[in-house]
Amino acid sequence: MTPSGTDPTRPLDLAGIGIGPANLALAALAHPLAGLRAAWYEQEPAFRWHPGLLIEDATLQVPFLADLVTLADPTSRWSFLNYLRHTQRLYPFYFSERFHSPRAEYDAYCRWVADGVPGLRFGHRVDSVHWDARHAVFALAVTRLTDRGETSLVTHARHLAIGIGTAPHIPGPLRHLTGPGDGRVLHSADYLSHRDALVTAGHVTVIGSGQSGAEIFLDLLRRRPDGREALHWLSRSRAFAPMEYSKLGLEHFTPDYTRYFHGLPEPVRDRLVAEQWQLHKAVDHDTLAAVHDELYRRTLGGGWPDAVLIPGVTVTGGARTAGRLHLDLAHREQDERSHLATDAVVLATGYRERPLEPLLGDLAGAVLRDSAGRAAVDDRYRLTLGTAAPGTGTGTGTVFVLGSERHTHGVGTPDLGLVAHRAAVILNTLTGHAHYPLPERTAFTAFGLRGTHAPGARRHEAEFAVPAEGQALPR
Ligand SMILES: Cc1cc2nc3c(=O)[nH]c(=O)nc-3n(C[C@H](O)[C@H](O)[C@H](O)COP(=O)(O)OP(=O)(O)OC[C@H]3O[C@@H](n4cnc5c(N)ncnc54)[C@H](O)[C@@H]3O)c2cc1C
């Protein structure tokens with residue numbers, strides 16, 4: 001039976017908050033660890049992975065090997081390949097020669113894991129956490145959400161794993177447009193439930209040129225009639241830019257790069273995250289090619305499709321009238337302003353990390369912070385708690401974060417290719433035992449002068465020697 005943790009003298013070893021891929025990977029890798037008393041809480045009634053964007057042709061941006069477990073433990077029963085075996089689809093998958101699975105298939109795989117791994121409690125929202133000093137445990141205030149109503153409960157745990165993910169972001173100047181919920185202005189996260197209405201709307205504007213914006217523009221383009229597309233795609237970026245997907249470029253999503261990044265000074269880390277937008281914010285090559293192919297196909301009979309793609313333009317505001325929506329546009333390079341009348345707007349304006357503070361309550365004050373007020377996270381994904389923090393003297397009371405550490409761990413933070421590794425680091429740390437032996441080296445690139453070296457690899461001293469201050473490099 002799954003432990004409950006309701007009795008503070010018999011706490012859970014670990015309570016996970018949120019069940020997205022990050023905490024699901026942790027639960028899957030924790031499953032074989034005998035004796036670990038753990039439970040995870042998720043406010044939604046069941047696992048769903050970004051349901052509003054499971055567009056039929058959309059694929060993962062990472063290979064299928066970036067499932068919940070394989071990159072930490074290829075022998076795990078919760079691997080994607082085992083899911084295929086379970087659903088009797090190994091041979092079709094083998095012949096399909098697909099490295100990038102459809103997004104809907106990843107969702108189905110995760111739901112299979114969520115149905116099988118013990119200790120997952122859906123329909124449970126964690127409202128707050130506080131430190132119970134008497135029992136030296138965290139007390140979690142949880143609301144159980146059912147069709148019949150809500151009930152409150154308290155559960156106790158020695159350690160926490162917070163993986164609460166991101167929430168849709170709408171830029172301030174456009175927030176008032178979302179108004180009455182009539183489906184005329186929506187975030188991309190809600191796309192599929194509004195798609196039928198968008199396909200028949202008079203004119204549609206998609207704002208934002210990340211992966212979601214591109215997929216939605218493509219999907220609408222394919223579904224709206226030839227010659228009467230009536231679509232605008234607007235982007236603040238200078239171009240509809242491709243995602244960096246070269247093999248060496250992808251090494252930014254390795255544990256080696258994460259380690260290197262973590263060791264950099266805060267201002268350098270901040271600069272890098274901003275500069276590296278093309279590693280994660282742009283559009284994959286296949287989607288851009290598909291957009292072009294679809295536009296081209298629509299020219300075959302002569303004429304041009306009624307689809308307008310404008311980069312470098314910011315939507316600075318807008319207004320609703322009874323009939324239409326009016327958007328204010330500013331073109332940065334031309335320094336010009338204009339207006340666009342449209343009937344529906346899809347805001348593909350991204351997501352923001354959910355803040356930890358409302359959950360942590362008083363505990364938030366004990367977390368050490370950087371100069372911008374962001375939580376300090378150590379190399380093992382632990383919030384760094386100040387000396388006045390709970391459990392410091394006894395070595396108990398660890399708060400692990402899964403996804404709130406982009407400022408300390410870099411662009412790989414939300415990447416699915418790192419969820420298994422991060423979960424393995426957390427479990428090894430939590431148990432004090434290397435249940436999951438992890439590779440010493442994961443990239444050919446040696447980030448920084450104190451490069452990483454494969455065990456037994458030849459070391460080129462002249463390349464890696466770091467001179468002491470005032471000394472020259474050895475010749
Ligand atoms: C459309 C889309 C496609 C993506 N595709 C890729 C891809 O192909 N490759 C890639 O590497 N990355 C991709 N990402 C980025 C990233 O992998 C995903 O966002 C991923 O879902 C992050 O997982 P997570 O577990 O950190 O957070 P989430 O999936 O956001 O899950 C967090 C969960 O926590 C729950 N929660 C929050 N607060 C509470 C609370 N107080 N109590 C209980 N539950 C709570 C939420 O309900 C949610 O279910 C994509 C992102 C999006 C939006």
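**Cavities and a helix contact in a predicted model**

By class, five nonpolar, one polar and one charged residues make up the lining of the second largest cavity. The model is predicted.

Visitor: Which residues line the second largest cavity?

Guide: About 40 Å³ of space lies in this cavity. Its lining divides into five nonpolar, one polar and one charged residues. The residues are Leu 60, Phe 64, Asp 67, Phe 80, Ser 101, Tyr 106 and Tyr 109.

Visitor: How many charged residues are in the lining of the largest cavity?

Guide: The lining consists of Thr 258, Tyr 381, Glu 405, His 409, Gly 412, Thr 413, Leu 418 and Arg 422. Asp, Glu, Lys and Arg count as charged. By class there are two nonpolar and four polar residues, and the charged ones number two.

Visitor: What is the volume of the largest cavity?

Guide: The whole structure was searched, and two cavities of 30 Å³ or more were found. The largest cavity has a volume of about 50 Å³.

Visitor: Why is α8 described as oblique to α9?

Guide: Helix α8 (residues 255-262) packs with helix α9 (residues 266-275) at an angle of about 135°, and their axes are 9 Å apart. Angles over 145 degrees count as roughly antiparallel, and 65 to 115 as roughly perpendicular. The angle of about 135° therefore makes α8 to α9 oblique.

Visitor: Which residues of α9 make the contact with α8?

Guide: The residues of this contact divide into four nonpolar, one polar and one charged. From α8 come Tyr 257, Phe 261 and His 262. From α9 come Arg 269, Leu 272 and Val 273.

Technical notes: Residues are numbered from 1 along each chain as its sequence is written. This is a predicted model: local features need pLDDT of at least 70, side-chain atom pairs count only at pLDDT 80 or more; totals for chains, interfaces and linings use all residues. Side-chain values use heavy atoms; hydrogens and water are left out. Axes are lines fitted to C-alpha atoms, for helices over the stretch in contact, and angles run from 0 to 180 degrees between N-to-C directions. Helices (H or I, at least four residues) and strands (E, at least two) are DSSP runs, numbered from the N terminus. Angles under 35 degrees count as roughly parallel, over 145 as roughly antiparallel, 65 to 115 as roughly perpendicular and the rest as oblique. Contact means heavy atoms within 4.5 Å. On a 1 Å grid over the protein atoms alone, a cavity is a set of points where a 1.4 Å probe fits but cannot get out, and a pocket is an open set with protein on both sides within 12 Å along at least five of seven lines; lining residues have an atom within 4 Å of a point. Grid points are joined across faces, edges and corners, and a volume is the space filled by probe spheres set on the points.
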